[in-house]
Amino acid sequence: MSDSVVIVAGRRTPFVRAGEDLREVPVDVLATACSRDLLDVSGVDPSEVSELILGCCAQPPDRANPARVVSLRSGLPLSSPAHTVARNCASGMQAIVSGELRVARDKDAVILAGGAESMSRIPLLFPTSFGFKLASLSKTKTLSEKISGWLKFKWSDLKPRIGLLEGLRDPFSGEMMGDTAERLAREWNISRESQDQYSIESHRRAIAARQDLQNEISAFSIPPHMDQYLTEDIGPREKMDPAKIGRMKPYFDRKMGTVTVANSCGITDGAAMVLLMREERAKALGLQPLARIVKSDFVGCDPLRMGLGPVHAMAKVLANTDLTVADLECVELNEAFAAQVLACQEALSSTSYSRKAGFATTPGAIPEDKLNPEGGAIALGHPVGASGARIALSLARKLHSNGGGYGIATMCIGGGQGGAVLLEGVSS
Amino acid sequence: MSQWKLIRSSGWDGPIPKEDPKGRWLHLVFDAESAGNVLSLSVLEDLRTTLTRVVEHDGIQAVIVSSAKDDYFCSGADLEIIESADNPDDVFRQCREVQDMFGLLGGFHVPSFCVINGVCLGGGLELALGCSSRIVVNSPKTRLGLPEVNLGILPGFGGTVRMTRLVGLRKALSWILTGARMPAKAAFKQGVADAMIAPEGFRQSALKLIDQKSQSQMKAFSKRRQQLKSGFLNKIVDGTPFGRNYVSKEALKGIRKKTAGKLPAPEKALEVAVNAASGKLSACLEKEALEISKLVTGSISKNLVHIFKNSERARRGDVSDPQGDWSDSDSLVVLGAGTMGSGVASVALQKGVAVRLRDISVESLKKGLSYIGKQIHQRFRKKRMSREQRDETLSRLTYGKELHGLASAGCVLEAVVERMDVKQSVLADLSSRLPDKAIFATNTSALSVTLIQEGSPVADRVVGLHFFNPVPLMPLVEVIPGEQTSPESVGKALALARKLGKYPVIAKDSPGFLVNRVLTPYLLAASRLLLNGVPGAHIDEVARRHGLPMGPFRLMDEVGLDVGVEVQQTLHSAFGNRYQASHLLSDMVQRGWLGKKSGVGFYRHRGSLASWNNELQIPTNSKNGNSAKLSAEHIVHALIDPMVDEASRCLAEGVVSDAGMLDLAMIMGTGFPPHLGGLLKDADQQGLNHVLDRLEKAHGAGDPRTPCPQLIQRAENGRSFHEGS
């Protein structure tokens, strides 16, 4: 255990609702600003970094490997490679796990890992039929061929598909992510009131933790004009009127549903990065680690109930470490939807669900005060590629200031998966 | 050994091709004794004898002109030639000969191709223009230009005429009048080069190209030249006397605006170029030679060469300079995001340095960041950089309230408020964390570096780095070693200043350093004239007409009167009586008249407009009632003579290494008119005894300053400042 993989430091940009202040900022610019500031703050010379791994869900079309752009622009050595990983909502978590494996193999490796997403800039798509027709038109030679080529176009060829919505749709069932949350609310009998209540609490906690959150947020001045200086997340609301929230229309199932915009995570732009290395290496560089990575794993589940992914991932990670939920000081469970978090709580404490799923024991629900103590994605927002890195960073920071103890960062993944990272705080 | 090698060869596999008496190519390889392939008199002589041997070769397909040096084609004519030119008739004859010799290059029985890889400036480009065709190698080192006007002359080896005839009047003027150094792409686009090839294996590509082109007798190249000149606008403007007349008028207006009619070279160059667009070749060349023979023998050109040589010393460094280097991975940490801090940060970013900007006040940080964003985005808007370059440049900037980013720092530059206790505490906070390779630079304009570094554990790495405001525009940086500063730290500071594209001048750690100390007497003299009843606006006008960028009162308004008073007081307490000032300035500061920043000073500022502040009551000295009628010449002398005295003291005290560096510092730091050759060169030319006389008279009339013994001695011995240097 003495030379385990540690999270040494981490930073993230402020999270901003998509379409607002950061909408002109490309994803690599977000991740670069974050990486550069992390290197500055941690005191690690860029030449020490052996690889950069970036999680990004919707990679921009002009950046086939955004990680490499981030790596070069962050001043890492030309010889240090970089790759981009994608595991839908857990891309940022995947980057950290990939980094962990790399460091476990190579005792001297120093890895910059994290995630970034610009959901504002996911492009509109033209149907492929449009592209094919354009391609065949370019091969025509005579005028009549050209005219008939043009005549082949139909209005339906020009109907754009919204990339963002396509990304949030489950490719097997064609359901939106929100529809899967509605299913969980029905199955586990989660009321609209309890969802709203949970969301209001998430905002309250995020506002109360503003000061602590400053320890992970790098101020961001928006290029190219640099005339706007963001220091805080634009998401958490000071005042939440329960009556007003109760009146909001369900978004996915207009008639019978309970999932609204207010009790779901926001669509957001942002980036989060952490530094990974062996504990001994950190000592040699004179760095104070935040937390050890004890165990990490991903597991699959029913795509139509993807929201329960954390239950499966937590059960697997705990079973492999002989720890129980009671041993955990803190759990960061990504809040895709309030209904989904509450359904996870129900499932965790349900013996019948555990038996059916084949868990050795029933994990048990997470005590409320230990679940997302500084608020979650419902308040802060969920830039899909970045969130996994954010919750791991937040957890590491909290365990460190707690002076030690275990904690889990876990999240549900569109397409039916769960991911979990079990950390142990390192006291200073 | 001839500096031009004539080699017949069948290939081109290295800088000096292999000899093959039956080869198709005749290589003319320029391999001068100087590293930069300077066009000296001996090089020209060698070229002449080499060219006579070209006719011996039969059965060749083309002549290829190239350089044996890696980074230089030719860095221009030897400055020695300009400096030693004193007889216009000799110069005229010499230029005519060289013009014709370069013309020969394009007049063989086979076409000649000039392959330009690396720097090709001045005479070098003129030589290339003589060839029948030019091929540029698109490497970052390739730079083409005709910088002659910056030295007070015009391209006189046929360049003005041949350039105009090659690309048309308008494009030619953009080369001849600005002296800009253009990259290969621009040269190709504008038609100065006929083809552009990639730098990897350029010799093979060039040969391949020449093989095609020489067979079709350059038809393709001349077709391209025609195409570049076609188009409605080109025909109207470059092709008709009316259009050329219009262009020349506009260009003249632009020149006058920039030079205020002080510099004859651009005007003459314009004249020669306009003439070249229509006249007969030989007549045009004759006119060119005639004009340059007049310019090069005049004093302005000599003065500009003097300054150029000193600026090269500052930019490249002397052997005697302390050595130190700035590595490409070194980053710069700037403390304080005020005008100076953000100014330096913005320059550093544009020069490829990673910068961390720190300010304890978020408000000030925001202002600084927005200034940097504006500076860099503006370069993108003006198409000086691409979108990717802009994003890359800005991505190198990090910022925050805390002190971070020291791990990769090569220099921590503080630009916080000018208070000894603040500067010392900043240094104390940092000293335990300063990486071994980093220096701590303090951007102070008045505080002693020796005092700042006193007692610090890293004292040997503390050095003064005095930038001038506005940083992006002012090319001078004073480098100030404190008593404990190590030579390596000074070397690193010099290297950093050069990396930022500035001209560093080492100044001794004494009050006001160099530039402020020498400049203040000028401002004090202006105030004295004002009190003697000379209208302020008139003084400014006279100073401007003398060639200074702005008059003394305008300058004080720009700098801020409060800053001015502070500098004056520092100098007064250090040097005593000769920096005595009237109450005028401090009274104005008390009224809240701080200059441009408060809207009112000597002038009332409304936007970019300024009119003399009529509320300003000047207690005129009644016994000097007639000084209002002083001549412009008298005013200029009254302003500048005290500076000469102070400069002389600085030299005697070793504040600056020599008179040349002092001249450079005053030009780069205050905009002293370069055509005068600098403060001391100008004084030399006027005669030091005259300066001394006037200073003594001024002392009699109430100036507390008495000429210093060194100046008196120099004047009495009939010596000048620049003797023997």
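Where in chain A does A:Arg305 lie? A:Arg305 lies in the loop between strand 11 (291–300) and helix 12 (309–319) of chain A, where helices (H or I, at least four residues) and strands (E, at least two) are DSSP runs numbered from the N terminus. This is a predicted model, in which local features need pLDDT of at least 70, side-chain atom pairs count only at pLDDT 80 or more, and totals for chains, interfaces and linings use all residues. Residues are numbered from 1 along each chain as its sequence is written, while chains are lettered from A and ligands numbered from 1 in the order in which they are written.

View 1. A:Arg305 is buried, with 20 other C-beta atoms within 10 Å; a residue counts as buried if 20 or more other C-beta atoms, placed from the backbone, lie within 10 Å of its own, as exposed if 12 or fewer do, and as partly exposed in between. Leaving aside neighbours within four places in sequence, A:Arg305 is in contact with A:Thr180, A:Arg183 and A:Leu184, contact being defined by C-beta atoms, placed from the backbone, that lie within 7 Å. The C-alpha atoms of A:Arg305 and A:Ala181 are separated by 7.5 Å, although these two residues are 124 residues apart along the chain.

**View 2. Strand 14 (residues 417–425) of chain A, with 9 of its 9 residues buried.** Strand 14 of chain A is therefore largely enclosed by the rest of the structure, and both of its faces are covered, with A:Val421 and A:Leu423 among the buried residues on one side and A:Ala420 and A:Leu422 among those on the other. Strand 11 of chain A runs antiparallel to strand 14 of chain A and is joined to it by 9 bridges, with A:Val299 standing opposite A:Gly418; two strands are said to pair if DSSP finds at least two bridges between them. Strand 13 (residues 406–413) of chain A is also antiparallel to strand 14 of chain A, through 8 bridges, and there A:Thr410 has A:Ala420 as its bridge partner. In the hairpin of strands 13 and 14 of chain A, which has 3 residues between the strands, A:Gly415 takes a positive phi near 95 degrees.

**View 3. The crossing of helix 22 (residues 536–545) and helix 26 (residues 632–653) of chain B.** The two axes, which are lines fitted to C-alpha atoms over the stretch in contact, come within 10 Å and cross at roughly 85 degrees. Helix 22 and helix 26 of chain B are therefore roughly perpendicular to each other, a term that covers angles of 65 to 115 degrees. Helix 22 of chain B contributes B:Ile539, B:Val542 and B:Ala543 to the contact, and helix 26 of chain B contributes B:Ala632, B:Ile635, B:Val636 and B:Leu639.

**View 4. An open sheet of 8 strands in chain B.** The strands follow the order 13-12-11-14-15-16-17-18 with mixed pairing, and strand 13 and strand 18 of chain B are the edge strands, each pairing on one side only. Strand 11 (residues 331–335) and strand 12 (residues 355–358) of chain B pair in the parallel sense over 4 bridges, and B:Leu332 stands opposite B:Val355 in strand 12 of chain B.

**View 5. The contact between chain A and chain B.** This contact takes 24 residues from chain B and 22 residues from chain A. Helix 16 (362–381) of chain B is one of the elements that give two or more residues to the side of chain B that touches chain A, and helix 16 of chain B gives the most, with 8 residues.

Notes
Contact = placed C-beta atoms within 7 Å. Axes fitted to C-alpha atoms, helices over the stretch in contact; angles between N-to-C directions. Parallel < 35°, antiparallel > 145°, perpendicular 65-115°, else oblique.
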